[in-house]
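Visitor: I would like to learn how to read a protein model. Could we go through one together?

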Amino acid sequence: MTIQAINVRNQFRGKIKAIIEGDVVSEVDVQTPAGIVTSVITTRSIRDLNLVVGSEVVALVKATEVSIAKL
């Protein structure tokens, strides 16, 4: 499945504004046209996706979860 196959209403394109890294989980603030979306993801995922401040991402929202996909 590609990012485009997911419902557009649940996607927020933006750039990472801040990362607060913890030992196991980290917070990622994404600046979007709709405002800041914050996601809590594993610190391992931050490293595996090579996410840094300024990275262009898509925040994928499902219920109360926000996932990050690097563009």
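Visitor: Which residues form a nonpolar patch on the surface?

Guide: First, the ground rules. This is a predicted model, in which local features need pLDDT of at least 70 and side-chain atom pairs count only at pLDDT 80 or more, while totals for chains, interfaces and linings use all residues. Residues are numbered from 1 along each chain as its sequence is written, and side-chain values use heavy atoms, with hydrogens and water left out. A patch is made of residues with over 30% relative accessible area and no salt bridge, like charges being joined within 9 Å and nonpolar side chains (Val, Leu, Ile, Met, Phe, Trp, Tyr) within 5 Å. Here the patch consists of Val 24, Val 25 and Val 40, with about 280 Å² of accessible area together. Such areas come from the Shrake-Rupley method with a 1.4 Å probe; for residues, only the protein chains shown count as cover.

Visitor: Is Thr 32 buried or exposed?

Guide: Buried means under 20% relative accessible area, exposed over 50%, and partly exposed in between (1.4 Å probe, protein chains only). Thr 32 counts as buried because its relative accessibility is 4%. Val 25 has 45%, so Val 25 counts as partly exposed. Strands (E, at least two residues) and helices (H or I, at least four) are DSSP runs, numbered from the N terminus.

Visitor: Which residues does Thr 32 touch?

Guide: Contact means heavy atoms within 4.5 Å. Not counting residues up to four places away in sequence, Thr 32 touches Phe 12, Arg 13, Gly 14 and Val 37.

Visitor: How many bridges pair E2 and strand E3?

Guide: Two strands pair if DSSP finds at least two bridges between them. E2 and E3 (residues 35–42) have eight, in the antiparallel sense. A hairpin of two residues joins E2 to E3, and Val 30 stands opposite Val 37 in E3.

Visitor: How many salt bridges does the structure hold?

Guide: A salt bridge is a side-chain nitrogen of Lys or Arg within 4 Å of a carboxyl oxygen of Asp or Glu. The structure holds one. Glu 21 forms it with Arg 47, and the closest N and O atoms are 3.3 Å apart. The pair links distant parts of the chain, 26 residues apart: Glu 21 is in strand E1 (residues 11–21) and Arg 47 in helix H1 (residues 43–48). Glu 21 counts as partly exposed because its relative accessibility is 47%; Arg 47, at 56%, counts as exposed.
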